[in-house]
Amino acid sequence: ETAEKPSFEPELKRTLERLSESGRVVWIAVFSPAGCDALVRTVRAFTEGGGGSGKEVRVGTIGPTTRDYLRDKYGFNAHVCADKPSPEGLGEAINAYMVRGTT
């Protein structure tokens, strides 16, 4: 069973703020639907408003179940989805996305 850690949302916000200072694209890997409420809320707030407006944040999912959950429940489209549901598969999808220059 997976569950959202209570401190996940504030930790994610702090991490996004810190990593985005580099000016590089920040990737978030999503391995299950658990925590998606906080993830979507935090990413949208960070990229669409407040101090993080316009920051480069991308989301990749471990497989189609998590991708579809984000899309169907929140209307949130992940940037990539692993062809092979594994950490390696997700890494390959992210690499292919970045190589295409689609940032």
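Biologist: Which residues does L90 touch, not counting residues up to four places away in sequence?

Modeller: This is a predicted model. L90 has its place in helix 4. Leaving out residues up to four places away in sequence, L90 touches A29, F31, G60, T61, I62, V80, A82 and K84.

Biologist: Is L90 buried or exposed?

Modeller: Buried means under 20% relative accessible area. L90 has 3% relative accessibility, so L90 counts as buried.

Biologist: How far apart are the C-alpha atoms of L90 and V80?

Modeller: V80 is among the residues that L90 touches. Along the chain the two are ten residues apart. Their C-alpha atoms are separated by 7.9 Å.

Biologist: Which residues of helix 4 are buried, and why do they count as being on the same side?

Modeller: The buried residues of helix 4 are G89, L90, A93, I94 and Y97. Around the axis they cover an arc of only 135 degrees, which puts them on the same side of helix 4. An α-helix has 3.6 residues a turn, so residues three or four places apart point the same way. The set asked for is G89, L90, A93, I94 and Y97.

Biologist: What do the buried residues of helix 4 pack against?

Modeller: First, the face turned away from the buried side: it carries the exposed residues P87, E88 and V99. The buried residues of helix 4 pack against strand 1, strand 2 and strand 3 (80-81).

Biologist: Which residue with a positive phi follows helix 4?

Modeller: Helix 4 covers residues 87-99. After the helix comes a residue with phi near 80 degrees, and that residue is G101.

Biologist: What span should helix 1 have?

Modeller: Helix 1 runs over residues 8-20, which is 13 residues. Its end C-alpha atoms are 18 Å apart. At 1.5 Å a residue, that agrees with the span it should have, 18 Å.

Biologist: Which residues are exposed on the other side of helix 1?

Modeller: Start with the buried residues of helix 1: L12, L16 and S20. They cover an arc of only 50 degrees around the axis, which puts them on the same side of helix 1. They pack against strand 1 (26-30), helix 2 (36-48) and strand 2 (57-61). On the other side, the exposed residues are R14 and R18.

Biologist: Which residues is E9 in contact with, leaving aside its neighbours within four places in sequence?

Modeller: E9 lies in helix 1. At 24% relative accessibility, E9 counts as partly exposed. Its C-alpha is 9.1 Å from that of D37, 28 residues away in sequence. With neighbours within four places left aside, its contacts are A38, R41 and T42.

Biologist: Which residues are closest to the centre of the largest pocket?

Modeller: The largest pocket has a volume of about 300 Å³. Its lining has 20 residues, and the closest to its centre are F8, A29, V30, A34 and L39.

Biologist: How many residues of the lining of the largest pocket are nonpolar?

Modeller: Helix 1, strand 1 and helix 2 are the elements that give two or more residues to the lining. Four residues of the lining are polar and two are charged, while the nonpolar ones number 14.

Biologist: What pattern does the protein follow along the sequence?

Modeller: The protein has four helices and three strands. Of its 103 residues, buried ones make up 36%. Among contacts between residues at least 6 apart in sequence, 58% join residues at least 24 apart. Read along the sequence, the pattern is α-β-α-β-α-β-α.

Note on methods: Residues numbered from 1 in each chain as written. Predicted model: local features only at pLDDT ≥ 70, side-chain atom pairs only at ≥ 80, totals over all residues. Heavy atoms only, no water. Expected span 1.5 Å × (residues − 1). Buried < 20%, exposed > 50% of the residue type's maximum accessible area, 1.4 Å probe, protein only. Arc of directions from axis to C-beta. Contact = heavy atoms within 4.5 Å. 1 Å grid on protein atoms, 1.4 Å probe; cavity = no way out; pocket = protein on both sides within 12 Å on 5 of 7 lines; lining within 4 Å. Points joined across faces, edges and corners; volume = space filled by probe spheres on them. Nonpolar A, V, L, I, M, F, W, Y, C, P; charged D, E, K, R; others polar.
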